[in-house]
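Please look over the model shown below before reading on. The report that follows begins at a single point in the chain and then turns to other parts of the structure.

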Amino acid sequence: MDVSATLRRADLNLLLPLNALLEHRHVTRAAEAVGIGQPAMSAALGRLRRLFDDPLLVRSGRVLELTPMGQALLEPVRAALTGLEQLFVTTPRFDPAVDFRTFTVVASDYVTLVLLRPLLELLYREAPGVAVNVVPVDGATAVNLERSQVDLVIMPRELKDIRMAGFPHRALFTDRYVPAVWSQNRDVGDILDRDAIVRLPYIQYNPVGGNAAYVDVQLRELGIEPKVALSTLSFTLVPALLPGTPLFAFVHERLVAASHVRRDLKILKTSVQLAPIVETMYWHPVLHSDPAHQWLREQVATLAANL
């Protein structure tokens, strides 16, 4: 196959419009995504139809649907754009003292506080040109990782999406769930048994995306349903909600240690056996050999090892 002849016949300027059309399945929205006018996007669609000898998008009622050819092009086009993007951001070397780079890291507020906050101190000292954009774990995390739209995903190994199983990854640290109450709480002793878990008012963490927290999944599997008195989207906020109340919560042991209200809390023992979590970082294979990305992964891993 003469690759150069194929590339000469194609117009690489059509790659972005093609991706937008396949993603949005709407000419006007695709034009807005790329930053061109609707007539220009319509013209690009016409050229793409001639290039592939296929309509790519066909009207079905009031919407456009992808043809089988359009469906077949979705992943190859995404992969091509990912490769091109990496081509232009990868350099043969990376000097954190002088180079500039922005990394997008998917992480919970718990990981941000416990692990990424120390990373900011390191960047301030050693890599002033490096910035980190932290976004929450949500239903699009696996897709964004597949498309190399994020640099790292840090989340419990136990909660990863099945689509992440084959990606490069590295275990960072382990943490365990411990029951915590206000230090002046007189409604519970030093051990939280099964009956107390059901009886006492409970603070429940509800992750973004609607999935149950791992601790609640485990409790449900054990047939235990706590009496939820308060739910919150912020896991790091949970310890701060306990002082002055009769509430209890299951929180990560490292989070309690990092909390500003740790002196107002009492950590209990429990007869209920809860599995720990293993916080793990995942990345796309296309980034594996990028010097800047390698540097970031090593910094994160070193900080995790020193927790």
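This is a predicted model: local features need pLDDT of at least 70, side-chain atom pairs count only at pLDDT 80 or more; totals for chains, interfaces and linings use all residues.

Helix α3 itself runs over residues 27-34, and its buried residues are V27, A30 and A31. Because these residues cover an arc of only 100 degrees around the axis, they are placed on the same side of α3. What covers them includes α2 (15-24) and α4 (38-52).

Although D151 is buried, it has no salt bridge. Salt bridges are counted within 4 Å, and R101, the nearest side chain of opposite charge, is 4.3 Å away from D151. The side chain of D151 does, however, reach the backbone nitrogen of T104 at 2.8 Å. Leaving aside residues up to four places away in sequence, D151 touches R101, T102, F103, T104, Y282, W283, L287 and H293.

| From | To | Distance |
|---|---|---|
| D151 | R101, nearest side chain of opposite charge | 4.3 Å |
| D151 side chain | T104 backbone nitrogen | 2.8 Å |

Taken as a whole, the protein chain has 12 helices and 14 strands, and 43% of its 307 residues count as buried. Its radius of gyration is 25 Å, whereas a compact globule of 307 residues would have one near 19 Å. Along the principal axes, the C-alpha atoms fill a box of roughly 75 × 55 × 35 Å. Among contacts with a separation of 6 or more, 76% are between residues 24 or more positions apart.

Technical notes. Residues are numbered from 1 along each chain as its sequence is written. Side-chain values use heavy atoms; hydrogens and water are left out. Buried means under 20% relative accessible area, exposed over 50%, partly exposed in between (1.4 Å probe, protein chains only). Lys and Arg count as positive and Asp and Glu as negative; His and the chain ends are not counted. A polar contact is a pair of N or O atoms within 3.5 Å; within protein, one must be able to donate a hydrogen and the other to accept it, and residues adjacent in sequence count only if both atoms are side-chain atoms. Contact means heavy atoms within 4.5 Å. Helices (H or I, at least four residues) and strands (E, at least two) are DSSP runs, numbered from the N terminus. The arc is that of the directions from the helix axis to the C-beta atoms. The radius of gyration is taken over C-alpha atoms; the globule rule is 2.2 Å times the number of residues to the power 0.38.
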